[in-house]
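Keep the viewer open and follow along.

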Amino acid sequence: MNKILYGGDYNPEQWPKETWKEDMRLFGMASVDTLTINVFSWAALQPSENEYNFSVLDEIIETVSAADMKICLATATATHPAWMARKYPEVLRVNTDGSKRKFGDRQNSCPNSPVYRKYSAQLAQKLAERYGKLDNLIAWHVSNEFGGFCYCETCEKAFRKWLAQKYKTIESLNEAWNAHFWGHTYYDWNEIVIPSHLGGEWAHNRTSCQIQSIDYRRFNSDSVLDCYLAEAKVLKEITPDIPVTTNLMGTFWDLDYQKWGKNMDFIAWDNYPSPGTPYTRTAMNHALMRGCGDGKPFFLLEQTPSVTNWQPYNSLKRPGVMRLWSYQALAHGSDTVMFFQMRRSRGCCEKFHGAVIDHCGHENTRVFRETAELGAELKKLGDSFAGSRLAGDAAVLYDWDNWWAASLSAGPTVNMNYPEEVFRFYDALAKQNISVDVIGMNTPLDTYKILCAPILYMVKPGVADKLKEFVSKGGILVTTYFSGMVNEYDLVTIDGYPGELRSLCGLWVEETDALPADQFNRLVCSEGKLAGTWKADLLCDIIHTEGAEVIARYADDFYAGTPALCRNSYGKGQVWYLGSRPEAPFLDRFTALICDECGITPVFPPQEGIEAARRIKGESEFVFVLNHNQSVTEVTIPFACRDLLTDKAFAPNERYSLPVAGVLILMKA
Ligand code: GLA
Ligand code: ZN
């Protein structure tokens with residue numbers, strides 16, 4: 001790629017043709033070079049079962065190609081046409097309460113519907129045949145934001161097949177599902193239902209048989225992935241050189257994106273932080289998405305230039321913030337900056353969603369000016385860091401099975417928020433301005449010095465051994481309460497928690513106390529840099545050490561004085577076990593301590609509100625420095641370098657006043 005791509009979702013079919021011309025003029029002014037088109041055009045392209053009409057799309061493609069735009073061509077299959085729902089009601093989803101859905105909305109197609117599968121693949125095929133040879137076609141964008149669940153009979157039958165493939169015999173399913181509990185023994189595959197509000201699940205993800213519910217989520221993620229793959233297969237047959245992707249959504253409950261990532265040519269994702277989202281939380285999403293693609297550069301496929309329409313309060317991005325967050329995506333490995341949407345639509349629920357071109361239709365707006373300024377900057381940056389990668393020194397583990405399993409667990413607490421638990425560690429590490437990856441269970445660990453694996457509740461086959469190898473070779477592993485509890489079938493590992501991690505942690509947990517939301521215990525710590533008394537909440541494990549050293553003890557309740565935080569030496573490395581959830585300032589100190597101990601140096605000196613990330617390309621290093629503070633912030637540039645945005649050269653230890661929302665891209669000399 002010879003530059004960072006710039007553009008976004010463009011829906012000209014919503015506008016008269018005179019407007020298209022004006023759009024091209026404005027895109028030129030804003031240095032836009034890439035458009036995602038055709039996202040919601042199925043109904044237009046296929047007016048009835050045996051009729052296709054590509055004339056409008058032909059004209060759109062001619063128009064954008066004549067304007068030198070690159071095209072991300074969507075397959076338009078996120079919304080099936082209304083005639084299809086009428087003629088083949090089987091394409092419609094069924095809700096968890098058993099009610100059949102009607103036409104309307106997107107992602108409303110049953111993922112296992114043969115009719116949906118047939119016609120979505122057929123549309124992809126026709127698009128590939130018609131447009132596959134375009135010079136400016138850079139990627140296929142399948143459907144749009146896949147997600148959701150279906151509880152229909154077709155899915156139920158497919159679920160039984162999926163289970164039969166997994167468990168082979170009904171007896172082994174009964175065993176894995178612990179089916180004697182509440183008399184859930186099955187004698188025939190056809191007796192098994194999808195757990196729903198009609199049976200097996202209640203509101204708020206409460207469920208009677210967690211493994212059945214976990215398996216259903218695994219199955220549903222696979223079913224939806226099969227829809228993606230059915231289209232990808234025909235696209236690849238016809239256009240083997242055009243990469244295929246779809247837009248993911250960060251920490252998205254419905255789909256196991258790590259499994260998805262293995263099936264995508266590259267990762268693309270949509271970034272919509274809420275006002276007030278900590279910048280490190282957005283950074284974690286970028287890192288998670290990057291990790292789903294094995295660390296390769298990804299596409300920021302959507303962000304709003306200014307405002308969303310779907311949050312409770314749709315605040316404007318303040319001046320400079322769109323730019324800042326765009327560079328944040330680039331800092332964390334994106335090779336694009338793309339928006340939803342290019343022109344603000346006139347009707348329906350996204351008419352108040354921000355766009356590059358606003359309802360007023362001209363370029364004299366704050367948002368357009370900011371977009372054009374950023375476009376010009378990206379042009380100037382050229383291919384400097386495009387295609388480069390990050391290299392994490394520390395990693396945080398994120399695992400969808402763990403997320404599902406820990407969240408569906410009945411007890412010990414309803415306040416188990418897996419993404420937030422992982423975020424606490426990501427946040428503390430990221431604030432050290434070191435390079436942090438977010439990885440799955442299958443990612444090799446040899447390049448990392450630190451691995452934080454909070455709530456490692458479900459230990460799948462091979463994971464304990466992998467962690468043992470990591471630590472014995474010198475790695476630092478950090479884990480917490482509610483870890484090592486169950487195997488892949490959600491069956492408790494019964495020789496003392498944390499089960500398979502027990503010898504690694506050098507302790508066992510006898511009981512776990514859950515604290516209501518407003519209560520806390522305190523950790524008394526004597527260890528040098530961690531010394532002090534710290535609040536801790538959520539869960540308190542009552543721990544017996546078996547070789548681990550006690551670093552902090554509880555201050556309160558009947559278990560006062562017992563171990564709360566332990567460190568175990570294992571081979572050349574160490575394992576830290578946090579029996580309770582310490583307050584954030586403790587984690588800040590703690591992560592600083594362990595980074596120091598294993599010699600991880602920050603990519604830029606840590607400082608409040610100043611984010612730094614480093615991309616590497618061959619011998620070149622690019623350090624992005626971003627000011628998220630509400631005030632001008634003075635930073636010290638530790639190395640000789642040049643800022644790619646202003647060409648300003650810096651000598652080591654030079655001070656610099658970074659404006660509000662200011663950005664530096666420092667290329668080391
Ligand atoms: C998603 C979708 C877009 C649009 C935006 C609005 O990311 O992919 O089609 O609905 O949300 O924020
Ligand atoms: Zn279905």
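Which residue takes a positive phi in the hairpin of strand 23 and strand 24? It's Gly-618, with phi near 55°, in a hairpin that has two residues between the strands. Before going further, a word on ground rules: this is a predicted model, in which local features need pLDDT of at least 70 and side-chain atom pairs count only at pLDDT 80 or more, while totals for chains, interfaces and linings use all residues. Residues are numbered from 1 along each chain as its sequence is written, chains are lettered from A and ligands numbered from 1 in the order in which they are written, and side-chain values use heavy atoms, with hydrogens and water left out.

Strand 23 and strand 24 are antiparallel and share eight bridges; two strands count as paired if DSSP finds at least two bridges between them. The strands themselves (E, at least two residues) and the helices (H or I, at least four) are DSSP runs, numbered from the N terminus. In this pairing Ala-612 sits opposite Val-625 of strand 24. Turn to the other neighbour of strand 24 (residues 620–627) and you find strand 29 (residues 663–668), also antiparallel, joined to strand 24 by five bridges. There the bridge partner of Val-625 is Leu-664.

Zoom out and these strands belong to an open sheet of five, in the order 23-24-29-26-27, with antiparallel pairing. Strand 23 (610–617) and strand 27 (649–650) form the edges, each pairing on one side only. Buried here means under 20% relative accessible area, exposed means over 50%, and partly exposed is in between (1.4 Å probe, protein chains only). Helix 11 (residues 321–331) lies across strand 23, strand 24 and strand 29, at about 150° to strand 24. For that angle, axes are lines fitted to C-alpha atoms, for helices over the stretch in contact (heavy atoms within 4.5 Å), and angles run from 0 to 180 degrees between N-to-C directions.

Asp-647 and Lys-380 make one at 3.3 Å, N to O. The pair links distant parts of the chain, 267 residues apart: Lys-380 is in helix 12, while Asp-647 is in the loop between strand 26 (641–643) and strand 27. Both ends are partly exposed, Asp-647 at 41% and Lys-380 at 45%. The structure holds 40 salt bridges. Another is Glu-22 with Arg-25, whose closest N and O atoms are 2.8 Å apart. These two are three residues apart in helix 1 (residues 17–29), so about one helical turn separates them.

Next, look at strand 14 (residues 450–453). Ile-450 and Cys-452 point one way, Leu-451 and Ala-453 the other, and all are buried. Strand 14 runs parallel to strand 12 (residues 394–397), with three bridges, and Ala-395 stands opposite Leu-451. Strand 14 is also parallel to strand 15 (residues 476–480), with four bridges, and there Ala-453 is opposite Thr-479.

Finally, the surface. Trp-202, in strand 5 (residues 201–202), is partly exposed at 44% relative accessible area.

Conventions. A salt bridge is a side-chain nitrogen of Lys or Arg within 4 Å of a carboxyl oxygen of Asp or Glu.
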